[in-house]
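Student: Hi! Could you walk me through this one?
Tutor: Happy to, let's bring it up.

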Amino acid sequence: MNKQQIIQRQLKNLHEIFLSLYKIFQRFPPFNLPRKHRLIIIAISMLALLLMLLPSEQELTSKNNNKNNQSFEVGKRYQVAIPENITGKIPADPIEIEIPSISQSESNPLTDNNAITTTVNSAQQGNMSWQSVKVRSGDSLARIFKRLGFSAQDTYAVSTAKGKDSKILQKMNVGDTLRIASNDEQKITALEYPLSKTDTLYINLVGDNYQSHKKSKPVEIRQAFAHGTIDSNFWNAGTSAGLTDGQVIELANIFGWDIDFALDIRSGDSFHVIYETQYVEGEYIGTGNILAAEFVNQDEPFQAVQFTNGEYYSPEGRSMRKAFLRAPVNFKYISSSFKRRRFHPVQKRWKAHRGIDYAAKTGTPVVAAGNGKVTHSTYNKYNGNYVFIQHGNGIETKYLHFSKRAVKKGQRVKQGQVIGYVGSTGLAAGPHLHYEFLLNGVHRNPRTVKLPDAKPIEKKYKTEFTALAGKRLQALAGSKKAMLSMNVDNTKAGILYAQ
């Protein structure tokens with residue numbers, strides 16, 4: 001039934017009501033008014049009835065829609081295409097909406113237009129404008145937002161976004177890049193802050209509030225093999241084999257308790273390494289841990305395998321880590337050994353030399369020889385920049401002539417942690433580390449003092465470790481054979497990748 005037919009039917013009903021009212025006014029005496037007055041009252045009544053009975057445009061549209069369309073079911077999802085006039089673009093794929101269940105006390109969103117509050121995010125994002133900005137020296141989030149034309153209120157709203165990850169914005173690094181999206185009303189709708197090659201901070205406008213979360217991309221771990229033969233020095237052989245600077249240092253640390261990499265290395269010594277390589281979405285992002293390694297020093301092989309606790313052990317389960325490092329720095333040579341009498345190059349007089357001087361380039365990292373607590377980290381005109389560390393069992397180590405200190409007094413340090421950098425401050429003729437080892441207050445020669453072994457693998461893990469060590473050493477032996485089959489020259493280094 002169309003609109004015209006509905007109106008005609010209503011007018012017919014009104015005519016019948018008019019006749020009925022007129023007869024009522026004639027029959028009852030109280031209503032025996034003058035004819036003119038009766039007609040006015042009837043006309044007003046008819047007008048009121050007409051306004052109540054005629055359907056509204058909204059009702060007609062709703063009836064037609066309900067007739068032409070299927071009824072909606074509660075809890076069922078329906079696909080709705082985005083109209084072109086929302087975004088000004090050709091609609092993309094339809095979105096899905098779910099019809100919620102409705103209690104009797106709530107208004108029905110299917111019949112009450114004012115209750116429909118469906119938000120189409122894709123329509124909002126279609127008009128978003130993205131900006132990229134690099135963090136400058138001295139920048140804060142407020143300064144960056146002001147530079148882009150956003151208000152202090154925007155800064156506060158974004159920096160206090162729900163979720164603990166929003167606090168990351170308080171410590172941005174110079175050179176980092178922020179991506180910020182805003183809509184046509186210049187309101188920030190999204191922010192992206194790449195934290196690393198794997199992690200990104202996201203802050204999004206959800207309703208009237210901002211929410212933050214950190215998303216990490218999965219890292220694919222592969223294995224690679226490296227082989228090197230030492231010609232001139234260990235460092236050059238390591239880098240020629242494709243190892244990073246960090247891996248060369250780590251390899252030296254693994255075998256540093258058994259091999260003196262300054263005095264024991266000979267031309268022809270070799271090493272073989274299995275290590276992790278990391279990929280994100282097929283892109284190489286860096287190296288991981290050394291899983292197993294072998295170092296052949298003067299025809300004597302040393303092998304090490306990393307266990308699940310991150311420590312390295314010999315194939316028999318003995319810890320590769322001794323209580324103290326023999327040499328806490330990667331040095332070129334020993335410029336002065338431990339002696340009772342030595343002619344001091346600066347003071348020009350004979351005196352005892354109660355430590356060892358390791359000559360190295362200025363800026364070479366110096367690490368703690370063992371776990372302990374920093375008792376001194378300061379400067380004087382004799383020692384220059386120096387650090388003293390107190391260890392357990394009455395052992396103390398001293399490090400002198402730093403160009404720069406990397407720890408503070410009272411700080412606890414772990415073995416292998418960088419505590420300073422080689423320099424020539426104080427009474428020093430050139431850049432070197434002066435290293436002292438004291439036991440119960442008495443100086444001992446760091447190169448000859450007996451160092452206790454660290455704890456071996458725990459008995460409850462021995463079976464698991466033996467199986468893991470056998471597997472990794474077998475892979476290591478296989479990589480060595482593969483290198484030989486590739487006819488790698490013994491005086492050179494090579495690298496082999498395994499998926």
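This is a predicted model: local features need pLDDT of at least 70, side-chain atom pairs count only at pLDDT 80 or more; totals for chains, interfaces and linings use all residues.

Student: OK. Where is Q186 placed?

Tutor: Q186 sits in the loop between β4 (177–182) and β5. Its backbone is worth a look: phi of Q186 is near 60°, a positive value in a residue other than glycine.

Student: Why point that out?

Tutor: Most residues other than glycine have a negative phi. Another residue to look at is Q298, where phi is near 50°, again a positive value in a residue other than glycine.

Student: And which loop holds Q298?

Tutor: Q298 is in the loop between β10 and β11. With 42% relative accessibility, Q298 counts as partly exposed.

Student: Switching to helices. At what angle do α6 and α7 pack?

Tutor: Helix α6 (residues 141–148) and helix α7 (residues 152–159) pack at an angle of about 135°, and their axes are 9 Å apart. That angle makes α6 oblique to α7.

Student: Is the crossing left-handed or right-handed?

Tutor: The crossing of α6 and α7 is right-handed.

Student: Which residues meet there?

Tutor: From α6 you have L141, A142 and F145, and they meet D154, T155, V158 and S159 in α7. The residues of this contact divide into 4 nonpolar, 2 polar and 1 charged.

Student: Staying with α7, which residues are buried?

Tutor: D154, T155 and V158 are buried in α7. They cover an arc of only 100° around the axis, so they lie on the same side of α7.

Student: What about the other side of α7?

Tutor: There, A152, Q153 and Y156 are exposed.

Student: What do the buried residues of α7 pack against?

Tutor: Their partners are α6, β5 (188–194), β6 (199–206) and β7.

Student: How about α9, which residues are buried in that helix?

Tutor: In helix α9 (residues 245–255), the buried residues are Q247, V248, L251, A252, I254 and F255. They cover an arc of only 155° around the axis, which puts them on the same side of α9.

Student: Why would residues spaced out along a helix end up pointing the same way?

Tutor: An α-helix has 3.6 residues a turn, so residues three or four places apart point the same way.

Student: Nice. And what does the buried set in α9 pack against?

Tutor: The buried residues of α9 pack against helix α8 (234–240) and against the strands β9 (270–280), β10 (283–297), β11 (300–306) and β12 (312–313).

Student: What does N209 touch?

Tutor: Leaving out residues up to four places away in sequence, N209 touches K162 and N204. The C-alpha atoms of N209 and T160 are separated by 9.6 Å, although the two residues are 49 residues apart along the chain.

Student: Last one: is H401 buried or exposed?

Tutor: H401 counts as buried, because its relative accessibility is 5% and the cut-off for buried is under 20%. H401 lies in strand β20 (residues 395–405).

Student: Which residues does H401 touch?

Tutor: Not counting residues up to four places away in sequence, H401 touches Y382, N383, N385, V422, G423, S424, T425, L427, A428, H432 and H434.

Student: Great, thanks!

Conventions:
Residues are numbered from 1 along each chain as its sequence is written. Side-chain values use heavy atoms; hydrogens and water are left out. Axes are lines fitted to C-alpha atoms, for helices over the stretch in contact, and angles run from 0 to 180 degrees between N-to-C directions. Helices (H or I, at least four residues) and strands (E, at least two) are DSSP runs, numbered from the N terminus. Angles under 35 degrees count as roughly parallel, over 145 as roughly antiparallel, 65 to 115 as roughly perpendicular and the rest as oblique. A crossing is left-handed if the near helix is turned anticlockwise from the far one by less than a right angle, and right-handed if clockwise. Contact means heavy atoms within 4.5 Å. Ala, Val, Leu, Ile, Met, Phe, Trp, Tyr, Cys and Pro count as nonpolar, Asp, Glu, Lys and Arg as charged, and the others, Gly among them, as polar. Buried means under 20% relative accessible area, exposed over 50%, partly exposed in between (1.4 Å probe, protein chains only). The arc is that of the directions from the helix axis to the C-beta atoms.
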